[in-house]
Amino acid sequence: MDNPLYRENIDSELEEPHGNNTVESMTMFDRVLKKESFCSKYRSFLCVVGGLIVGCFLTVGFCYLFFNLGNKQNCSNVQSSVGASKQDDNQISRMVEDVNKTKEDLMVIHDMRKELVDYLKDIKNTTRKELLIVKTSFDSTLDLLNEIRQTSEQELSKIKETRNIAWEFYAEFRNKSKNEQLSKTQSTNQLLEFRTEMRNMNFNETRILQEWRNESKIHYQEFRRKSKQDLMSFQKMRYEILKVLAATDMCVRNETFNMTEPTQPTDIVNTRRDCLAWKQNGSLTDGVYSISPDDNTILDVYCDMTTDGGGWVVFQRRIDGSENFFRNWQAYEDGFGTIHGELWIGNKYLHILTQVDTELRIDLEAWDGQKRYAKYPSFEIGDAESKYTLSVGVCRGNAGDGLAYHHGLKFSTFDQDNTRTGSTCANRNKGAWWYKSCSHSSLNGEYLKTNGVADQNMGINWEKFKGDHYSLKGSSMMLRRKT
């Protein structure tokens, strides 16, 4: 029988040739599958085949023994021996057929095992290729990360150098500004001395005084023009420095900053009269602009260019309670807060801005998200001697009239109470307003984070909107010159 040969062929096909693919490179899975899986899987079948082979040999031996014994027997037993011999031949034929069938089964098993070996070889080759691809990709990624890191360190070094240069430039310009201020003070002192000297002269006093006045006016106008130009230049340089410093700070913190998107007006060399003038000049974006409502005052204000046609100067804003509005008279006169956050522009600047026909808009927001507005076609704030008296016209809008009750009243703070009844409303409301006894509105009161719940007239209150026991979430007061 050929079974041992078949086994040797099968085992030889499973062995790897010596070279790069050695037995040592085989995984534990390959060794277990190739050396143990066949025997464990076909153990019963091999036992049956072995039993049949042993049975065949035993049968042949017995037949040979019976054949020799049959030749020595008597003639009376010849017929029976022939019959037994025929039966043995039939049995041997059947056994041979079984052995041939077993051989065919072994051939099938051999083919199946060969296919399995080929399949495992394909898997192994494919896995090696994929591992090689993954290793190559990992190495490329690591090289790219190292390159990005080196580039980032170089850029960060450049940013730090730029920031140091900007700070040095800013310090130098600040010193120059101080010198200009000192020169301005000296010029003023010289004018005062000259004026005193002229007044003390008796000879041709009227003519000399008139000449001095004319000359002083010319000098003053020239000085004011030069000072305005210097101040404009300083304003431009300050914006540039702040923009560069903001950019460097955001880059150091790994934040994104778009240098092409201006956070200030692009044309800051020349100021405009107010936000409406900027709007008429083509500026359509909300932001900080430089205005000069008269010849002597230059302000940086936040302009609302989108609400109700745009061109509004925002002079009061409450959004989150980050600013303390319980301040004294001087603070409300000069202004306080941040231009992008909560602020009060200052009563003295409100007086300057409202010396022309001006309209007022007030936007209110409740804690439930509801928004209302009130609009007044006329709005004016008096000067310091009048204690910044309030004058408003007829109210329009859907928030109700909260200022008619305060028309003609003086401004009050906790350290300078100007109410007609002598009530301490500013101290009680922890704010400042045009109080009477006390108010129908008080947008500068204490910021209460109580979801609207408040005592009477306390907090940011607008009685005609949510009642006198409700503190609003936010408010905004804006003015605009009427055309």
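This is a predicted model: local features need pLDDT of at least 70, side-chain atom pairs count only at pLDDT 80 or more; totals for chains, interfaces and linings use all residues.
View 1. Residues are numbered from 1 along each chain as its sequence is written, and side-chain values use heavy atoms, with hydrogens and water left out. E6 covers residues 358-365, and E13 covers residues 474-481. The two strands pair in the antiparallel sense over 8 bridges. Strands (E, at least two residues) and helices (H or I, at least four) are DSSP runs, numbered from the N terminus. Two strands pair if DSSP finds at least two bridges between them.

**View 2. E6 also forms a hairpin with strand E7.** E7 spans residues 371-376 and pairs with E6 in the antiparallel sense over 6 bridges. Arg361 stands opposite Lys375 in E7. The hairpin has 5 residues between its strands. Gly369, in the turn, has a positive phi of about 90 degrees. Is E6 enclosed or open to the outside? It is largely enclosed by the rest of the structure, because 6 of its 8 residues are buried. Buried means under 20% relative accessible area, exposed over 50%, and partly exposed in between (1.4 Å probe, protein chains only).

**View 3. Tyr332 and Phe411 form one of the 15 aromatic pairs in the structure.** Rings of Phe, Tyr and Trp (its six-membered ring) pair if their centres lie within 6.5 Å; planes under 30 degrees apart count as stacked, over 60 as edge-to-face and the rest as tilted. Here the centres are 5.5 Å apart and the planes meet at 50 degrees, so the pair is tilted. The pair links distant parts of the chain, 79 residues apart. Tyr332 belongs to helix H7 (residues 329-334), and Phe411 to the loop between strand E10 (396-397) and helix H9 (425-429). Tyr332 is buried, with a relative accessible area of 0%. Phe411 is buried at 0% as well. Both rings belong to one aromatic cluster, whose members include Phe315, Trp344 and Trp434.

**View 4. Trp367 and Tyr447 form an edge-to-face pair.** Their rings are 6.2 Å centre to centre, with 65 degrees between the planes. Trp367 lies in the loop between E6 and E7. Tyr447 lies in the loop between strand E11 (441-442) and strand E12 (461-462), 80 residues apart from Trp367. Trp367 is partly exposed, at 24% relative accessible area. Tyr447 is buried, at 13%.

**View 5. Two arginines sit over aromatic rings.** The charged end of Arg272 is 5.0 Å from the centre of the Trp278 ring. Arg317 lies over the face of Tyr302, at 4.9 Å from the ring centre. A charge sits over a ring if NZ of Lys or CZ of Arg is within 6 Å of the ring centre and within 35 degrees of the ring normal.

**View 6. The largest nonpolar core has 52 residues.** Such a core is a set of buried Ala, Val, Leu, Ile, Met, Phe, Trp, Tyr and Cys residues joined through side-chain atoms within 4.5 Å. Tyr376 is among the residues that touch the most other members, as are Ile362 and Trp462. Leaving aside neighbours within four places in sequence, Tyr376 is in contact (heavy atoms within 4.5 Å) with residues including Glu359, Ile362, Leu403 and Trp462. A second, separate core of 6 residues includes Val288 and Met478.
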